[in-house]
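This report concerns a single protein chain and the way its secondary-structure elements are arranged. Please consult the sequence and the structure as displayed here.

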Amino acid sequence: MDRVSSRIWRNTMSQPDQPTEVVDEEETPYEMSLSLNVLNHLGLNLYSNVPAVLSEAVANAWDADAENVSVDIDADEGRVTIVDDGHGMDAHDVNNRYLHVGYQRRQDEERPNRTPEHNRPVMGRKGIGKLSLLSIAETVKVYTIKDGDENAFRMDVGEIEDAIGSEEVGAASEKRTYTPTVLNDFPDDLNSGTKIVLEDLTKRVHTTESALRKRLARRFSILDSEFNFSVSINGEEVTATDRDYFHKLQFLWTFEDDEYVEHCRESRLEGHEPRSGETEDGHRIHGWIGTVEKPNDLVEDYPGEGASSDDLNKVSLMIRGRMAKPDLLESFNDSRMFTKYLVGEIHADFLDDDDAEDIATSNREDVVKEDPRYQDLLSWLRVELNHIAGRWNDLRNQQGSQEARQISAIDMWYQSLEPNNRERAKKLFGKINQMTVDDEDERRELFKHGVLAFENLKYEENLRDLETLDDASDRTVRRVLSDLDDIESSQYHQMAKHRKHVAGEFARRTRQQGVDEELYGHLVDHPWLLDPSWERAPIDDDVRDAVEKRLEEGTPVAAEEDERGAHFRCVRTATGYALVSLRHPTEPAQNELLEVVDVYRVALKTVLKEADRPERDPTVVFVVPEMDTWDDLEGLLSRNGVVVRRYSDLLEQTASMYDQHVERDRDAGRVSRLINDIETGDVFN
């Protein structure tokens with residue numbers, strides 16, 4: 001008989017013991033029993049991701065006084081092997097502790113709550129974590145040895161499910177045990193500790209090695225020589241630096257422990273503030289909270305893993321060196337800007353005192369929110385978050401001001417401000433600095449418009465000052481008017497620059513492909529592209545509305561115009577009034593359009609007369625596409641007093657006009673000169 005099967009095995013996956021109170025069966029007809037189906041909830045469906053499951057195995061190795069844990073991933077075979085050099089298990093430990101679902105580690109009088117060799121506070125409590133292995137693998141093999149006592153067995157999800165399915169409803173005796181399979185192939189190289197082999201994996205692991213190291217490092221704070229505990233993945237040790245967020249921190253707040261500063265990159269970290277970790281109820285907390293420069297720094301994508309990514313915008317709760325809740329921020333309905341930049345770890349071991357109620361939920365990924373201890377933690381954290389929010393705003397404002405003042409023109413402008421306005425400008429640049437903009441040209445554009453907005457604000461305040469003066473001095477009035485001229489000049493200068501580019505692009509497109517349906521629609525909605533005066537100096541609304549109403553409702557020609565898709569607009573010109581008609585690009589050029597001209601002219605002349613604005617000969621302008629048919633009709637229209645213009649010519653003319661304005665007024669006015677200097681000045685350092 002082999003060395004395993006020769007022993008007396010009680011290798012059963014046992015349920016928690018029945019109540020110890022003895023009750024006479026004749027006195028009560030009731031009995032509580034537990035079904036194996038509970039394993040569906042406590043094991044088979046406990047976790048949904050590989051790092052969380054492996055964390056349970058690592059935690060068990062910690063409790064076993066292991067000094068080394070190795071995790072080996074065989075992607076080709078779909079197998080994960082976890083080996084630790086802890087104290088292992090004998091047959092009694094396997095059956096009464098490991099295979100005992102709900103074994104309460106901290107209630108076992110035979111075992112202290114600190115490990116015998118390294119005096120570690122144990123992590124295990126509920127006795128269900130090891131079942132999580134069944135949630136990612138169809139087959140789990142366990143090999144363990146203690147004081148020479150070798151034990152090996154296999155748990156199979158399919159067999160467990162068959163056992164669950166075969167239970168008879170109402171038959172309590174059938175709802176007790178599952179018997180794992182005895183294994184006879186004990187590894188020759190396992191002389192101490194435990195080896196767990198996960199096979200027939202149900203979760204993908206062939207691309208997780210790179211991410212798994214980071215995710216495990218973030219779940220444990222005891223992976224350090226200080227704790228004499230090492231975890232490796234495929235032969236490479238997992239360390240605190242694998243958490244891979246310390247080097248991203250811009251500002252750092254630490255609680256009762258400043259060692260976290262050592263992990264940060266000196267060139268990136270711009271500020272550190274130690275804080276107290278004592279709660280209102282006197283509990284002690286340590287850890288850190290940091291902010292990054294850009295929210296994107298907290299998004300981590302893993303190449304080769306499809307859409308796999310990690311969101312690091314979390315403050316994790318750590319208890320006894322292990323993650324107990326991924327994100328404490330979920331407990332706050334805080335939408336302030338600074339929360340998008342946060343990451344951190346809060347260690348609160350007082351939540352898991354041996355003599356207190358278990359605060360962890362069954363899945364070990366959350367805590368009982370109503371527990372007074374947790375509420376005490378949240379009260380402390382709320383105060384700290386409010387403090388961080390205020391400091392973060394100040395620090396970002398300072399940084400934004402420094403960033404903006406790297407442009408010499410802005411620095412000179414900033415220095416010229418009065419002290420109270422400097423502080424306001426600093427806050428303005430700080431708000432701009434909080435925007436996620438990586439491109440330097442875009443950042444320069446934001447700072448430029450920030451200066452413009454600030455100048456507008458100053459002007460509004462000057463106007464209010466005038467209103468409060470009974471006798472405004474001539475000097476004050478001239479200064480306000482001068483500021484107004486400056487602001488209007490700079491605003492129009494910016495508008496002219498933008499319109500020059502837009503009109504130039506439309507002109508280029510028209511030269512290449514003519515006026516199509518889409519381009520025509522834009523020109524109808526934005527007639528300034530064809531002539532700036534058609535928007536900037538429109539005819540009075542009442543006259544325009546009357547002309548349009550007369551044309552749309554009073555003549556058959558108007559209906560024909562609608563069918564052609566033509567649009568018209570009343571405008572004021574230098575010599576009087578005009579009715580501009582934008583001819584549709586698909587409209588044929590026909591002699592019948594002369595009738596349209598007469599209707600336009602009569603309608604405009606009649607409305608002007610009724611409005612007591614006599615017009616001897618109102619102008620009619622036809623804007624037409626570049627087509628031979630319109631070339632042939634142009635002479636006839638001109639002889640009948642119609643001004644004929646081409647879309648392409650007007651677009652070119654508009655672009656040229658705005659270009660001339662930009663060049664002519666580049667240095668006109670103090671604000672315009674400032675804006676020009678910002679646009680062309682030295683680059684960011």
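The model is predicted, and local features need pLDDT of at least 70, side-chain atom pairs count only at pLDDT 80 or more, while totals for chains, interfaces and linings use all residues. Residues are numbered from 1 along each chain as its sequence is written, and side-chain values use heavy atoms, with hydrogens and water left out.

**The chain as a whole**

The protein chain contains 18 helices and 22 strands; these are DSSP runs numbered from the N terminus, with helices (H or I) of at least four residues and strands (E) of at least two. Of its 685 residues, 49% count as buried, where buried means under 20% relative accessible area, exposed over 50% and partly exposed in between, for a 1.4 Å probe and protein chains only. Among contacts in the chain with a separation of 6 or more, 70% are made by residues 24 or more positions apart; a contact means heavy atoms within 4.5 Å.

**The six-stranded sheet**

Six strands form an open sheet with mixed pairing, in the order S12-S11-S13-S18-S16-S17. Two strands pair if DSSP finds at least two bridges between them. Strand S12 (271-275) and strand S17 (322-325) are the edge strands, each pairing on one side only. On average, neighbouring strands of this sheet are turned by 20 degrees against each other, direction ignored. Angles run from 0 to 180 degrees between N-to-C directions, and axes are lines fitted to C-alpha atoms, for helices over the stretch in contact.

Within this sheet, Phe255 stands opposite Gly287 in S13. Helix H6 (residues 372-404) lies across S11, S12, S13, S16, S17 and S18, and runs at about 145 degrees to S11.

**The four-stranded sheet**

A further open sheet has four strands in the order S19-S20-S21-S22, again with mixed pairing. Strand S19 (567-572) and strand S22 (642-646) stand at its edges with a single partner strand each, so one side of each is left without a neighbour in the sheet. Neighbouring strands here are turned by 25 degrees against each other on average, direction ignored. Helix H15 (residues 593-610) packs on this sheet and touches S19, S20, S21 and S22, its direction making about 140 degrees with that of S21. Helix H16 (residues 628-639) lies across S21 and S22 and runs at about 155 degrees to S22.

Ser581 belongs to strand S20 and stands opposite Phe622 in S21. Ser581 counts as buried, because its relative accessibility is 0%. Its side chain makes a polar contact with the side chain of Arg583 at 2.6 Å. A polar contact is a pair of N or O atoms within 3.5 Å; within protein, one must be able to donate a hydrogen and the other to accept it, and residues adjacent in sequence count only if both atoms are side-chain atoms.

**Strand pairs**

| Strands | Direction | Bridges |
|---|---|---|
| S3 (residues 79-84) and S8 (residues 193-201) | antiparallel | five bridges |
| S4 (residues 137-146) and S8 | antiparallel | eight bridges |
| S11 (residues 249-255) and S13 (residues 286-292) | antiparallel | six bridges |
| S20 (residues 577-582) and S21 (residues 619-624) | parallel | five bridges |

Helix H2 (residues 50-63) and helix H5 (residues 209-219) have axes that come within 10 Å and cross at roughly 55 degrees. The two helices are therefore oblique to each other; angles under 35 degrees count as roughly parallel, over 145 as roughly antiparallel, 65 to 115 as roughly perpendicular and the rest as oblique. In this packing, Pro51, Ala52, Leu54 and Ser55 of H2 meet Leu212, Arg215, Leu216 and Arg219 of H5.

Helix H3 (residues 91-98) is largely enclosed by the rest of the structure, because six of its eight residues are buried. The buried residues are Ala91, Asp93, Val94, Asn95, Arg97 and Tyr98. At the start of H3, a side-chain oxygen of Asp90 reaches to within 3.2 Å of the backbone nitrogen of His92.

Val101 is found in the loop between H3 and S4, and counts as buried at 2% relative accessibility. The C-alpha atoms of Val101 and Gly129 are separated by 9.3 Å, the two residues being 28 residues apart along the chain.
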